[in-house]
Amino acid sequence: MNTVQARLPSWVGVCNVELAPWSARAPIKPAGEIPLKGFQFTAEESARFLRIVAECGRIRGHYDLYRWLAGEVQQFLPHEVLLSAWGDFASWDLKLDVTSGLPGVRTAQLAYCRVDPIIRHAHARWIDGGRTAVLLKPADLEPEQDCHCAIHAALRKMHSVLVHGVHDKRSGRDSLFIALGAGPFAKGRSLPRFLASTDALVAQIDAAFRKVPALPIVAAGSALRESVLDLSMRELEVLESICKGKTNLDIAAALDISPFTVKNHVQRIFRKIGVTNRTQAAARYADAMRDAAAGPGQEQRTAQSNVI
């Protein structure tokens with residue numbers, strides 16, 4: 001019997017596609033459904049999912065990520081807002097991002113509204129569910145009723161919430177994604193069928209987010225601290241990491257820059273704030289934080305004393 005053996009890309013396994021041996025003499029079956037573990041992709045869905053995977057590989061920046069999520073991903077997970085959080089949930093050392101086409105619903109808004117309760121509750125529900133996809137109602141996330149920011153306003157208008165993520169067993173850290181939809185997610189499909197497809201899709205979403213750096217979130221108080229310490233936004237990020245006990249290698253990996261660049265930032269920071277080691281830098285930063293919290297008058301007095 002003449003047979004043909006095909007070599008498939010390694011990422012085909014993400015779809016959990018079960019491929020049967022193919023024979024040149026075997027009858028060709030009409031296009032139909034491809035069996036997957038727990039559910040079936042139709043031929044159309046399979047082609048669409050493979051395009052999603054291919055487009056994911058071409059993401060280079062945040063705008064690419066936004067367009068990708070607004071494209072064929074919507075056929076599997078129709079949503080208006082995607083809130084993501086990744087890092088060490090135990091110590092609450094997280095990076096946050098918001099992707100949405102709704103007016104005002106942007107990552108920068110996170111500097112002015114508290115989404116920590118939403119993320120904590122969503123993560124707890126995901127853990128309780130065995131790190132499987134969880135469907136919630138917007139009210140289940142316990143939004144702050146007195147917050148009138150664009151993100152909370154959008155949350156109150158949503159109909160459906162999907163919480164899912166990816167657990168990195170090597171680092172012990174999680175990536176969590178909270179999708180908010182104005183309508184039902186199933187979109188004509190059965191609920192079990194929709195939920196069964198989310199594992200493969202969220203794996204691709206996680207891969208897409210890992211291809212772009214986290215957007216900086218600058219609160220009003222951060223701008224005041226910058227003026228007191230005379231540091232750039234990047235230098236402030238490095239200093240905050242130093243205060244958390246991070247090494248230069250840790251900081252380089254987190255900020256997606258080289259260790260040599262981190263070393264230069266550290267030396268420049270030390271010169272600017274007048275210290276000679278990390279312990280002194282952390283103490284100086286703590287003083288600036290305390291002065292910023294005390295109010296503009298105290299900050300001005302501190303700045304004057306530094307000049308004197």
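1. Helices (H or I, at least four residues) and strands (E, at least two) are DSSP runs, numbered from the N terminus. This is a predicted model, in which local features need pLDDT of at least 70, side-chain atom pairs count only at pLDDT 80 or more, and totals for chains, interfaces and linings use all residues. Residues are numbered from 1 along each chain as its sequence is written, and side-chain values use heavy atoms, with hydrogens and water left out.

2. Start with strand β3. Six of its eight residues are buried (under 20% relative accessible area; exposed is over 50%, partly exposed in between; 1.4 Å probe, protein chains only). β3 is therefore largely enclosed by the rest of the structure.

3. β3 has two partners to look at. Two strands pair if DSSP finds at least two bridges between them. With β4, β3 pairs in the antiparallel sense over eight bridges. There L82 has T99 as its bridge partner. With β7 (residues 173-181), the pairing is also antiparallel, over seven bridges. V81 stands opposite L180 in β7.

4. Next, the turn. The hairpin of β3 and β4 has four residues between the strands. W92 lies in this loop, between β3 (81-88) and β4 (93-100). Its phi is positive, about 60°, although W92 is not a glycine. W92 is partly exposed, at 21% relative accessibility.

5. What sits over the ring of W92? The charged end of R120 does, 3.8 Å from the ring centre. The rule asks for NZ of Lys or CZ of Arg within 6 Å of the ring centre and within 35 degrees of the ring normal.

6. R131 also deserves a check. This residue is not a glycine, yet its phi is positive, near 55°. R131 belongs to the loop between α4 (116-128) and β5 (134-136). Its relative accessibility is 35%, so R131 counts as partly exposed.

7. Aromatic rings come next. Rings of Phe, Tyr and Trp (its six-membered ring) pair if their centres lie within 6.5 Å; planes under 30 degrees apart are stacked, over 60 edge-to-face, the rest tilted. The count comes to seven aromatic pairs. F41 and F76 have ring centres 5.7 Å apart and planes at 65°, so they are edge-to-face. F41 lies in β2 (residues 40-42) and F76 in α3 (residues 73-76), so the pair ties together parts 35 residues apart in sequence. F41 is buried at 4%, and F76 is buried at 3%. The rings of F89 and W92 are edge-to-face too, because their centres are 5.8 Å apart and their planes at 80°. F89 is buried, with a relative accessible area of 10%. Ring pairs link F41, F49 and F76 into a cluster.

8. Now the voids. A cavity is a set of points, on a 1 Å grid over the protein atoms alone, where a 1.4 Å probe fits but cannot get out; lining residues have an atom within 4 Å of a point. The structure holds two cavities of 30 Å³ or more.

9. How much space lies in the second largest cavity? About 50 Å³. Among its lining residues are L82, H164, F177, I178 and A179. Elements giving two or more residues to this lining are β6 (160-168), β7 and α6 (191-209). The largest share, three residues, comes from β7.

Note on methods: On a 1 Å grid over the protein atoms alone, a cavity is a set of points where a 1.4 Å probe fits but cannot get out, and a pocket is an open set with protein on both sides within 12 Å along at least five of seven lines; lining residues have an atom within 4 Å of a point. Grid points are joined across faces, edges and corners, and a volume is the space filled by probe spheres set on the points.
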